[in-house]
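Visitor: Please take me through one residue in close detail. Then place that residue in the whole chain.

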Amino acid sequence: MVEVFDNFLDSEEIYYLQTTEKHWTMQSSCESNPYNLPFLYYTPSREDKIYDHISKKIENNIGKHSIGRVYFNGQSYGQDGSFHVDNCDKTVLIYVSPYEWEWGGFTQVGEEIIAPITGRMIAFDGMTLHKGFSFSRQTCPMRISLAYKLNSK
């Protein structure tokens with residue numbers, strides 16, 4: 001089951017996350033999957049002012065957890081993820097990039113398909129198979145989400 005929190009981010013938070021400089025590196029979802037494609041990855045500094053702010057907002061919505069990892073995923077056209085599990089108790093994804101319905105870019109969690117609406121947060125069991133799809137057009141912007149891998153305290 002996926003919990004969906006629309007309007008999780010306000011316009012100032014969205015603007016900050018969209019415009020923060022990111023030093024991207026490459027990563028992949030599942031090394032053992034032959035269909036695996038690399039996509040962009042950036043870990044924000046724990047000193048970043050938004051880090052604690054968003055962590056507290058997540059806690060207010062889903063309860064206390066310890067933070068395992070926090071990072072941005074960046075997917076350009078053709079950089080679909082692969083089905084994988086996160087090996088954590090709870091995965092939280094926050095959609096940062098602009099979005100239009102025509103672009104696709106869905107997240108599939110088990111059998112559920114979730115649209116990456118700007119400012120939306122989703123939370124689900126981190127051991128559930130899931131996959132992020134890139135936007136469907138070469139002219140679309142990069143699909144960016146902020147991922148939190150959480151464990152029970």
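Guide: Lys90 is buried, because its relative accessible area is 18% and buried means under 20% (exposed is over 50%, partly exposed in between; 1.4 Å probe, protein chains only). This is a predicted model: local features need pLDDT of at least 70, side-chain atom pairs count only at pLDDT 80 or more, and totals for chains, interfaces and linings use all residues. Residues are numbered from 1 along each chain as its sequence is written, and side-chain values use heavy atoms, with hydrogens and water left out.

Lys90 sits in strand S5, residues 90-95. Strands are DSSP runs of E with at least two residues; helices are runs of H or I with at least four; both are numbered from the N terminus. The Lys90 side chain makes a polar contact with the side chain of Glu3, at 3.4 Å. A polar contact is a pair of N or O atoms within 3.5 Å; within protein, one must be able to donate a hydrogen and the other to accept it, and residues adjacent in sequence count only if both atoms are side-chain atoms.

Now the surroundings. Neighbours within four places in sequence aside, Lys90 is in contact with Glu3, Ile62, His65, Ala123, Phe124, Gly126, Tyr148, Lys149 and Leu150. Contact means heavy atoms within 4.5 Å.

Asn7 lies between strand S1 (3-5) and helix H1 (11-19). Asn7 counts as exposed, because its relative accessibility is 68%. Asn7 and Val96 are 89 residues apart along the chain, and their C-alpha atoms are separated by 11 Å.

Ala115 lies in the loop between strand S7 (112-114) and strand S8 (121-125). Ala115 counts as buried, at 6% relative accessibility. Leaving aside neighbours within four places in sequence, its contacts are Tyr95, Tyr99, Trp101, Phe106 and Arg120. From Ala115 to Lys49, 66 residues apart along the chain, the C-alpha separation is 27 Å.

Finally, the whole chain. The protein has two helices and ten strands. From the N terminus, the order is β-α-β-β-α-β-β-β-β-β-β-β. Of the 153 residues, 52% count as buried. Among contacts with a separation of 6 or more, 78% join residues 24 or more positions apart. The C-alpha trace spans about 35 × 30 × 25 Å along its principal axes.
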